[in-house]
Amino acid sequence: MAKTLDQLIGEGVTGRRVLVRSDLNVPLDGGTITDDGRIRASVPTITALADAGARVIVTAHLGRPKGAPEARYSLEPVAHRLSELLGRPVAFATDTVGESARETVAGLDDGDVALLENVRFNPGETSKDDAERKAFAGQLAGLADAFVSDGFGVVHRKQASVYDVAELLPHAMGRLVAAELDVMKRLTESPQRPYAVVLGGSKVSDKLGVIDNLLGKADTLLIGGGMVFTFLAAQGHQVGKSLLEEDQIDAVKGYLQRASESGVRIVLPTDVVVDRSFPSGDREPAPEVVAADAIPADALGLDIGPESSAAFAAELKAAMTVFWNGPMGVFEVPAFAEGTRVIAQALTEVTAAGGLSVVGGGDSAAAVRTLGFADDAFGHISTGGGASLEYLEGKQLPGIAVLER
Ligand code: ADP
Ligand code: MG
């Protein structure tokens, strides 16, 4: 069993330098944070350590820089928001393990908090070369006396600040990771039935493994978003100009077959909202509702239709456990956000009726917040899309396994 944060704190952390891997990978729009959910989720662990007198050194990534500093991926705007949410100053180091990091850490008093610059500015962070990764992890470890893993969004990654550093320092599991794992266990070990899973978003190939594993667990699988069209194509329908992963059609046919054999219901939309001009140029969206089995050749499917939304919502309201990953449509454009809104609303009703509703995925979380839903209307909003999907696929998460050693 991994050590808990409370156990680590109980051993005494006053004056100890504790490196915390958080997930602060928030969406930024020209320097403005558009959804601070992940920063908020990181607060409890940092606060608990600082309150206990630790010198807290937070390391995190933002976006996908290519192993070198890039101004647009700087964590500096995040440091400001983190400081506001913690209600205490956050010293910002302008590098990851260099002079600024060392000086910033040396300047910490008991209970102070520092944030290091984007850990992916260093090529060692994500290197596939074990030696290069370990060398960088060694530099990170050199800044601290203990390590707390709290970045749930990255625990499925074998990266220096997630995996290798845990091999070098006494370590514990942060509150967020513990809470996320708790929910994932509830979804997989003995979910209250009926258990419905809603999958959407843009890439079928990312989510096939989950479908595979859930066929043995969920009662109903509702498919929306860009994935729909590969399913419709597998049933022999035309999908016009909609998103289609042709190389996945055979795999999807296999799942449809297995689902019908195993008694799992896969529910597809019966109508879709299409546009024949979007997204070329600045034209106003021109949404049209068409039957899912009669998508015109020049149409691009961008949301599930109203009949489908209503049918999906009815399925969800009958469920006691719901896991949802992936928006039902291109919710970023209000004309195509209705399907996503109706599903979000249905999940809040599951919560209100005493069931467990879980939203997973960065865009899905952003979508429910953008659409004005309160976080506590859901049982849980996961901060880790990829990690929660891999957990549901039944894979071992390296960043968790390493904590158990
Ligand atoms: P999450 O981050 O929640 O796991 P994904 O990253 O898989 O979700 O997918 C999110 C994206 O899917 C959104 O940006 C949304 O615009 C896009 N999307 C949803 N429906 C469609 C569609 N019909 N066609 C193209 N993209 C879609
Ligand atoms: Mg996404």
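Author: Let us begin with an inventory of secondary structure. In this predicted model, the chain holds 14 helices and 17 strands.

Reader: What radius of gyration does the chain have, and what would a compact globule have?

Author: The radius is compared with the value that a globule rule gives for the chain length. For 405 residues the rule gives a radius near 22 Å, and the chain agrees with a compact globule because its own radius of gyration is 22 Å. Along the principal axes, the C-alpha atoms fill a box of roughly 65 × 50 × 40 Å.

Reader: How many of the residues count as buried, and what share of the contacts joins residues 24 or more positions apart?

Author: Burial is assigned to 51% of the 405 residues. Among contacts with a separation of 6 or more, 73% link residues 24 or more positions apart.

Reader: In what order do the strands of the open sheet of 3 strands lie?

Author: One reads the order across the sheet, then the direction of each pairing. Here the order is 13-12-14, and the pairing is antiparallel. Strand 13 (288–291) and strand 14 (300–304) are at the edges, each with a single partner strand, so one side of each lacks a neighbour in the sheet. On average, neighbouring strands are turned by 45 degrees against each other, direction ignored.

Reader: How many bridges join strand 12 to strand 13, and what packs on the sheet?

Author: Strand 12 (residues 271–275) is joined to strand 13 by 4 bridges; in one of the bridges between them, Val272 is partnered by Val290 of strand 13. Helix 10 (residues 306–317) packs on the sheet and touches strand 12, strand 13 and strand 14. The direction of helix 10 makes about 140 degrees with that of strand 12.

Conventions: Residues are numbered from 1 along each chain as its sequence is written. Chains are lettered from A and ligands numbered from 1 in the order in which they are written. This is a predicted model: local features need pLDDT of at least 70, side-chain atom pairs count only at pLDDT 80 or more; totals for chains, interfaces and linings use all residues. Two strands pair if DSSP finds at least two bridges between them. Helices (H or I, at least four residues) and strands (E, at least two) are DSSP runs, numbered from the N terminus. Axes are lines fitted to C-alpha atoms, for helices over the stretch in contact, and angles run from 0 to 180 degrees between N-to-C directions. Two residues are in contact if their C-beta atoms, placed from the backbone, lie within 7 Å. The radius of gyration is taken over C-alpha atoms; the globule rule is 2.2 Å times the number of residues to the power 0.38. A residue is buried if 20 or more other C-beta atoms lie within 10 Å of its own, exposed if 12 or fewer, and partly exposed in between; C-beta atoms are placed from the backbone.
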